[in-house]
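Have a look at the picture first, then try each task before reading its solution.

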Protein chains: 2
Amino acid sequence: MQPDVKKRRSTIYDLAELAGVSASTVSAVLNGNWKERRIAEATAKKVQRLANTHRYTVNRQASGLRKSRSGLIGMIIPMHDNRFFSSMSQVFERLARERHWYPLVVSTLRDPALELETVRTLISYRIEYLVVAGATDPDSVSRICQAHAVAHVNVDLPGTKATSVVSDNYWGAQQLTLALIDRSRASRSPKRNKPYFVGGIATDNATRRRMEGFADAVTARFGGVEASQLDACGYAAELAESAVERLHRRSGGLPRALFVNSTIALEGVVRFLKTLPPDELAACTFGCYDWDPFASVLSFPLLMVRQNVEGLLGEAFRIIDTRSFDDKRVIEIKPELLFPSQSGDASTTNDAPRHAVA
Amino acid sequence: MQPDVKKRRSTIYDLAELAGVSASTVSAVLNGNWKERRIAEATAKKVQRLANTHRYTVNRQASGLRKSRSGLIGMIIPMHDNRFFSSMSQVFERLARERHWYPLVVSTLRDPALELETVRTLISYRIEYLVVAGATDPDSVSRICQAHAVAHVNVDLPGTKATSVVSDNYWGAQQLTLALIDRSRASRSPKRNKPYFVGGIATDNATRRRMEGFADAVTARFGGVEASQLDACGYAAELAESAVERLHRRSGGLPRALFVNSTIALEGVVRFLKTLPPDELAACTFGCYDWDPFASVLSFPLLMVRQNVEGLLGEAFRIIDTRSFDDKRVIEIKPELLFPSQSGDASTTNDAPRHAVA
DNA sequence: GTGAAAGCGCTAACAC
DNA sequence: GTGTTAGCGCTTTCAC
């Protein structure tokens with residue numbers, strides 16, 4: 001098939017024979033510990049030269065087996081095709097490489113069975129650490145890892161059987177809400193003179209914490225909050241679209257401030273807003289608990305909250321570095337609040353479609 | 001550290017001892033080939049039970065070493081944090097799993113040195129196949145792979161030393177341009193009565209092919225095209241922003257149709273468009289050679305081209321499946337043209353921020 | 001119907 | 001300054 005292929009990949013034995021030395025000498029040279037073994041520089045040079053010309057690469061299956069170390073660190077995520085998790089992958093790789101570990105990122109599609117199977121396979125490849133990000137069932141993953149003595153950390157979604165690092169959703173929602181209120185203009189209509197929250201699922205931990213942050217911020221500014229101000233209508237764009245349409249109809253206009261609980265919900269909201277006359281939008285201040293570079297070029301100003309991916313994974317690696325796996329604490333990392341002027345800043349760094357550049 | 005850990009992971013020898021059989025029997029049972037070996041059903045059952053209770057998992061470093069097979073298939077991409085490549089990862093994983101290969105996706109940050117080092121490391125883990133996606137230097141990667149007899153395919157950016165699968169940029173640009181023209185309204189001003197192309201870098205293969213497609217489509221409809229209609233101003237949003245601003249000033253308004261060469265350029269274009277009165281936008285038909293769900297909720301209709309990720313990788317796997325690595329052909333895959341109504345369809349499936357769901 | 005033994009490629013303790 | 005040797009955990013051939 002492939003041209004120029006050598007029948008067999010060369011091994012340290014091949015090199016040893018060619019160099020007229022033993023395999024252990026070759027091994028020492030190639031592992032860089034030949035000085036301790038006080039191998040002659042000439043021998044070392046000769047072996048290195050041979051390794052280069054014969055394009056030798058160590059077989060890490062073999063060396064890993066021998067050393068009972070693989071050099072691998074794994075991370076499972078629900079999916080690659082998502083802004084948040086793909087930036088997790090990017091940061092994870094960097095942090096792993098800084099530590100001379102080889103990063104393995106695999107998605108599990110929010111399928112509990114695939115999640116466990118994937119973890120088992122990663123373990124069978126003898127990963128040394130595992131980051132469990134956004135898992136549907138972190139505790140089952142923990143059970144498997146514990147049975148195989150694999151150190152691990154939960155990220156984004158907490159579990160009870162390992163240390164977890166999650167976003168501080170309460171704080172983020174509170175800050176976003178306060179900023180929205182402080183930038184909004186009062187309305188003469190009492191129904192419209194208050195902020196509203198839309199999107200998400202009330203039984204989700206994250207949505208619940210955000211609703212709490214929202215409610216507390218509203219109470220701090222207005223002395224109270226009503227149930228009708230929060231509509232955890234689900235994440236789908238269509239649901240958010242009709243939720244805001246309903247709100248608009250009920251209140252006779254847009255409220256003074258609107259807290260949208262995700263970019264996907266925001267898509268629906270924007271679809272509805274497009275049906276309104278532009279000056280109506282000016283009466284309302286908009287915020288989104290999520291970040292998207294494109295959202296910053298919408299026709300109205302938008303406050304956004306961006307999860308602190310560096311912070312989340314930085315903390316996860318700190319736990320790994322210091323081996324404090326068994327605190328079983330939940331560590332919260334504050335997200336960032338982005339104001340309209342800065343919301344698009346980061347977009348230039350990542351999405352340039354240089355993939356099609358020759 | 002971790003609680004409940006057993007000091008040593010169990011091996012087939014442990015199971016063999018517990019079951020009172022030999023390691024080879026255990027191996028046969030766990031590999032599912034005990035019927036051929038005519039091992040007693042009772043023995044098999046007993047071994048399987050023991051394997052379960054002791055949470056045995058095969059050591060794939062060891063079995064891979066012995067079988068000289070790893071079960072691993074690798075893919076390198078420039079980065080995870082990008083719509084196109086993250087969806088490549090997603091599709092790649094699915095296609096690999098369908099074939100019972102374990103997928104390894106690693107990013108190389110468009111760093112030629114990291115690219116080669118990553119490939120070498122993947123090879124040292126004994127991947128059996130490699131998909132080289134969007135590489136800066138595919139031919140150097142090919143040389144390494146060939147030296148180690150690793151079968152591989154280029155995707156997105158072509159090379160000369162292995163079969164390549166790329167997007168049909170010419171066709172996509174041509175279709176987008178024709179659709180733009182046919183949906184646009186004539187302008188009384190001659191300067192404005194023609195389509196313009198903005199964004200990208202003229203020396204990039206992809207941009208060049210798109211410019212050719214654009215030019216041919218314009219020529220087909222208008223009988224000719226002028227150099228001033230194409231401005232490969234670069235990918236950055238700011239560059240596209242000022243390019244369109246310039247065009248607008250020069251022509252005394254927007255042209256009848258505008259072809260924007262990437263979503264990042266589109267961001268800049270939108271930023272400029274926001275400075276115009278809304279009715280000016282109605283005079284122009286907009287298209288973007290790239291896809292983003294958020295772009296579909298902009299205040300004006302937008303045609304988009306989406307790369308056919310399934311098609312690209314489907315073809316790459318077909319090449320692997322049929323072992324036709326050495327055609328060294330460049331296979332072109334047609335992208336999809338999305339009209340305003342359908343442009344947002346796919347957004348609901350992927351980006352739901354369920355990552356923060358408990 | 002099952003076991004013994006060799007060996008995949010490498011590392012590291014020990015020998016000299 | 002370098003070689004010998006054992007063994008990591010597994011698969012597979014051959015033996016009985």
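The exercises below concern a predicted model, and each comes with a worked solution.

**Exercise 1. Work out whether chain A is spread out or compact, judging by its radius of gyration.**

Solution. Start with the inventory: chain A holds 14 helices and twelve strands. Finally, turn to the inside: 55% of the 358 residues of chain A count as buried.

**Exercise 2. Find which strands stand at the edges of the six-stranded open sheet in chain A.**

Solution. Write down the strand order, 7-6-8-9-10-12, and note that the pairing is mixed. Strand 7 (230–231) and strand 12 (336–338) of chain A each have a single partner strand, so they stand at the edges and one side of each is left without a neighbour in the sheet. Now take a look at one of these ends. Strand 12 of chain A runs antiparallel to strand 10 (residues 302–306), and three bridges join the two. One pair to look for is Arg306(A) with its bridge partner in strand 12, Glu336(A).

**Exercise 3. Explain why the buried residues of helix 2 of chain B lie on the same side of the helix.**

Solution. First list them: in helix 2 (residues 23–30) of chain B, the residues Thr25(B), Val26(B), Ala28(B) and Val29(B) are buried. These four cover an arc of only 165° around the axis, which puts them on the same side of helix 2 of chain B. Then ask what they pack against: helix 1 (12–19) and helix 3 (41–53) of chain B. After helix 2 of chain B comes Gly32(B), with a positive phi near 75°.

**Exercise 4. Describe the surface near DNA strand D.**

Solution. Begin with the count: 27 residues surround DNA strand D, and the closest are Ser22(A), Ser24(A), Thr11(B), Ser24(B) and Ser63(B). Sort the residues of this surface by type, and you get eleven nonpolar, eleven polar and five charged. Last, see which helix gives the most: helix 4 of chain B, with five residues.

Notes:
Residues numbered from 1 in each chain as written. Chains lettered and ligands numbered in written order. Predicted model: local features only at pLDDT ≥ 70, side-chain atom pairs only at ≥ 80, totals over all residues. Rg over C-alpha atoms; globule rule 2.2 N^0.38 Å. Buried ≥ 20, exposed ≤ 12 C-beta atoms within 10 Å, placed from the backbone. Arc of directions from axis to C-beta. Contact = placed C-beta atoms within 7 Å. Near = placed C-beta within 6 Å. Nonpolar A, V, L, I, M, F, W, Y, C, P; charged D, E, K, R; others polar. Pairing = 2+ DSSP bridges.
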